[in-house]
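The sequence and the structure come first.

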Amino acid sequence: MLIDVRITKVLPSNTFKLPIFATVEYLKLKATNNNFGYFFNDKFALPYFIGKYLWIKRLKFTESIISIKGEEENISSQKMFLNEVINLIDKEKIADFVTHPMAQCLFKTVPDKTEFIEWGSYVLNLESIKTEQDVIYFFPGKFRNQIKKAIKDGVTASETNDVKTVHKLINDTFKRQRSPHSPSYDFLSNIKNEMRDNSKFYLAKKGNVVIGSLVILFNKQGAFNLYAGSAIKSYNCMNLLYFNAIKDLIRLNIKKFDLMGARLVYRKDSKFAGIQNFKKGMGGELKKGYIFTYDRSKIKKKIFYIIVRIYLFLKGKKFEGEGVQQINKLMNEYKSSQDQDIIVL
């Protein structure tokens, strides 16, 4: 059975309710030469952008399937839709490969001919918070005590227009983690300028010293923890930053705060363990689903990642491979050895 799948640059807003990463404003900031759009039919939509590197085109989904009302749990139709999306990418040579989607994406099914893994994201349900005064009691006891300690230690946190300082803290944090995924200053500046009504930038200070930063994107569909960074000595500033950010979200009547991704397989001593324990400690519920990648041209994808590895090596960073491949490798290692240092959620 074929499902008619087309591409458009604009979706009718009365048909699909778009999360912030599915909006035209966000997609424009990510795409090369305005190469973005939506795969869609009368039931589903799937936003994407394409980055072009030399002659290689990499496609990335920024949300999982967006459904019209009543179709959210129609898994068989979602699978057929995704299969037709992949067929269209092949037929029209839309991209050379589909990389892993954004961290908050949780697909309920995956298309054929793809490599996939289970994936998760910690999500805070803010509906129980009725007033700003109730926010402190929303957090588990340990997290709440760390907020109070930060305040006692003289840490302050507030919204800011200082994109340069926010970027520096985020970039320094990614460098310590040897992560290649730090955003550019230009990207953060463009978010601030082009998505001013849907973004919030925060800084935390102890005295006159800046020790933490946070970037959140939001609309009526929910808020998302885009980037965070801290100094080596942080005085629990991140706890206070999230406390203040959630107070702002309550004022805006936002009901959901997605903390942006969680690996379901990782090592106890990895950076992912600390990050995910922090998210869980905030009171987030672990939602689960799938993510996938697809190679239309394995050769072009291989060349792309050779270039990435060389570039990152020259920058003093390390590329460990796509998340899907990393986790599949670790899961296979766990299955063969039952290594107790590997956590499987």
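Which residue in E10 does Ala204 stand opposite? Ala204 stands opposite Gly212.

## Basis of the values

This is a predicted model, in which local features need pLDDT of at least 70 and side-chain atom pairs count only at pLDDT 80 or more, while totals for chains, interfaces and linings use all residues. Residues are numbered from 1 along each chain as its sequence is written, and side-chain values use heavy atoms, with hydrogens and water left out.

Helices (H or I, at least four residues) and strands (E, at least two) are DSSP runs, numbered from the N terminus.

Strand E9 (residues 199-206) runs antiparallel to E10, and eight bridges join them; strands count as paired if DSSP finds at least two bridges between them. This hairpin has two residues between the strands, and Gly207 takes a positive phi near 65 degrees there.

On pairing with strand E11 (residues 222-230), E10 again has an antiparallel partner over eight bridges. Leu214 has Ala228 in E11 as its bridge partner. E10 and E11 also form a hairpin with two residues between them. Nine of the 11 residues of E10 (residues 209-219) are buried, where buried means under 20% relative accessible area, exposed over 50% and partly exposed in between (1.4 Å probe, protein chains only).

## Nonpolar cores

A nonpolar core is a set of buried Ala, Val, Leu, Ile, Met, Phe, Trp, Tyr and Cys residues joined through side-chain atoms within 4.5 Å. The largest has 44 residues, of which Phe21, Phe39, Leu46, Leu59, Phe61 and Phe81 touch the most other members. Helix H2 (residues 75-92) supplies the largest share of this core, six residues. Another core, of 35 residues, lies apart from it and includes Ile129, Tyr202, Ile250 and Phe257.

## Aromatic and charged contacts

Rings of Phe, Tyr and Trp (its six-membered ring) pair if their centres lie within 6.5 Å; planes under 30 degrees apart count as stacked, over 60 as edge-to-face and the rest as tilted. By this rule there are 21 aromatic pairs. One of them, Phe116 with Tyr290, is edge-to-face, at 6.1 Å centre to centre and 75 degrees between the planes. This pair links distant parts of the chain, since Phe116 is in strand E7 and Tyr290 in strand E14 (residues 285-295), 174 residues apart. Phe116 is partly exposed at 40% relative accessibility, and Tyr290 is partly exposed at 29%. One aromatic cluster is formed by Phe138, Phe139, Phe143, Tyr242, Phe243, Phe257 and Phe278.

A charge sits over a ring if NZ of Lys or CZ of Arg is within 6 Å of the ring centre and within 35 degrees of the ring normal. The charged end of Lys206 sits over the ring of Tyr235, 4.9 Å from its centre. Arg263 lies over the face of Phe272, at 3.8 Å from the ring centre.

## Helix H8

Ala273, Gln276 and Lys279 are buried in helix H8 (residues 271-281). They lie on the same side of H8, because they cover an arc of only 130 degrees around the axis, taken from the directions from the helix axis to the C-beta atoms. The buried residues of H8 pack against strand E7 (115-125) and strand E13 (265-267), with contact meaning heavy atoms within 4.5 Å.

## Positive phi angles

Leu54, which is not a glycine, has a positive phi near 60 degrees. Leu54 is in the loop between strand E3 (44-53) and strand E4 (56-61), and is exposed, with a relative accessible area of 62%. Asn253, also not a glycine, has a positive phi of about 65 degrees and is in the loop between helix H7 (237-251) and strand E12 (256-258).
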